[in-house]
Amino acid sequence: MRHPQLSIIILLTAFLGGCSSTETVFHERFFALGTLIEVSIYGADPTLAARASEQLEQELLTMQSSWHAWQPGALASTNEQLAGMQPFTPDPSILPLLQEAGHLSQLSRGLFNPVIGKLVALWGFHDNPLPVGTLPDTDAIATLVAQAPATDDVSFTGTRLVNRNPAVSYDLGAFAKGYAIDRAIERLREFGIENAIVNAGGDLRAIGQHGDRSWRIGIRQPRQSGILASIEIDGDTSVFTSGDYERFFEVDGKRYHHIIDPRSGYPADQTISVTVVHDNATTADAAATALFVAGPEDWVEIARSMHIGLVMLIDANGVIHMNPAMQSRIRFEPDNTAEIRLSEPLS
Ligand code: AMP
Ligand code: MG
């Protein structure tokens, strides 16, 4: 299968091309967090930009191993200890991550649920693909759904954690990339860098400016190559998309993808993709996943509860849903023929 994340990066690069003649531009690419990271820094001293980017690479690689749900590291050992059901103190570096995940899960009413690692593994998305043509055992899914793992099953007392539900296992795949990008932007600012984009496989956060122009970010077509639309951003803005094309397999012609509805235990099947624009990347990432699960009927309610102001959702019939503020920011390609349905304003 073609790697979809690479295509959006190339589009993005094409869109970002050109800048004011006096502006210095620094670009660096490396692999981390399971994807291609592209750091673009505008108007900074090139030596400083190179040093900052080098440090980001090291830090993102460290985050990748400590936040991985099933490869050895701080999160994997936290999961092992949670399974023991005894109070324990996890590696302090991941405490803020777990607390932020819990907070966002509450705001999403559990649709972003970072403790359904066992369900995600059951579907084979922990690098343990199911035999071709097979689905997980329905009883095993039903048992995990009945156990209803939720972030408030884990209490935090100071630095100690207590787990009350044996079905709890952290999988931060739906928001760790956003959290890492926010840390990367903080680091760039500490270096004195004010204008930059950190793009991780098409999900990104921008800060500052790009000469005297806005950045134009392409949003890919979910079912074919090319872009569906683009959005202009400047200042402090993150753009995150969750799609059913990122990781999936098919059985009897039906697609089973990696975004699981915690209420059913099955991939959420009313949505194809969701794009969220928000100031910080952590919230944008968690919200894109939560709104994907919420689907065309409930996304407005969950977007309001997560304080998200700009959303585009493509439903399973190809209808594009968005709020009026998003409509005024987005520009569709001339060949788009999909029906567009506007929601009530989000705020
Ligand atoms: P994203 O691409 O950001 O939507 O994240 C999808 C990843 O998050 C999956 O590969 C799983 O590891 C994990 N995941 C799947 N469903 C959920 C969910 N409902 N809530 C939180 N994480 C999930
Ligand atoms: Mg996400």
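Reader: What makes the pair Thr241 and Thr275 a polar contact?

Author: The side chains of Thr241 and Thr275 are joined at 2.9 Å, and a polar contact is a pair of N or O atoms within 3.5 Å, where within protein one must be able to donate a hydrogen and the other to accept it, and residues adjacent in sequence count only if both atoms are side-chain atoms. The model is predicted, so local features need pLDDT of at least 70 and side-chain atom pairs count only at pLDDT 80 or more, while totals for chains, interfaces and linings use all residues. Side-chain values use heavy atoms, with hydrogens and water left out, residues are numbered from 1 along each chain as its sequence is written, and chains are lettered from A and ligands numbered from 1 in the order in which they are written.

Reader: Why is Thr241 called buried?

Author: Thr241 has a relative accessible area of 15% and therefore counts as buried, since buried means under 20% relative accessible area, exposed over 50% and partly exposed in between (1.4 Å probe, protein chains only). Thr241 belongs to strand S9 (residues 237–243), strands being DSSP runs of E with at least two residues and helices runs of H or I with at least four, numbered from the N terminus. Not counting residues up to four places away in sequence, Thr241 touches Asp203, Glu246, Ser273, Val274, Thr275 and Ala288, contact meaning heavy atoms within 4.5 Å.

Reader: What are the protein donors of the magnesium ion (ligand 2)?

Author: They are Ala174 (O), Asp285 (O), Asp285 (OD) and Thr289 (OG1), which lie 2.1 to 2.4 Å from the ion; donors are N, O and S atoms within 2.8 Å of the metal (3.2 Å for Na, K and Ca), and water is not among the atoms, so sites may look incomplete. Ala174, in the loop between strand S4 (160–163) and helix H7 (176–190), and Asp285, in helix H8, are 111 residues apart, and the pair thus links distant parts of the chain. Both Ala174 and Asp285 are buried.

Reader: How do you know that the span of H7 agrees with its number of residues?

Author: The expected span of a helix is 1.5 Å times one less than its number of residues, and for the 15 residues of H7 this should give 21 Å, which agrees with the 21 Å between its end C-alpha atoms. Buried residues in H7 include Ala176, Tyr179 and Ala180, and these three are also among the contacts of Trp67 beyond four places in sequence.

Reader: Is Trp67 itself buried or exposed?

Author: Trp67 counts as buried because its relative accessibility is 11%. Trp67 is found in the loop between helix H2 (46–66) and helix H3 (74–83), and although Trp67 and Ala180 are 113 residues apart in sequence, their C-alpha atoms are 9.9 Å apart in space.

Reader: Why is Ala148 called partly exposed, and why is His307 called exposed?

Author: Ala148, at 44% relative accessibility, counts as partly exposed because this value falls between the two limits. His307, with a relative accessible area of 58%, is therefore exposed.
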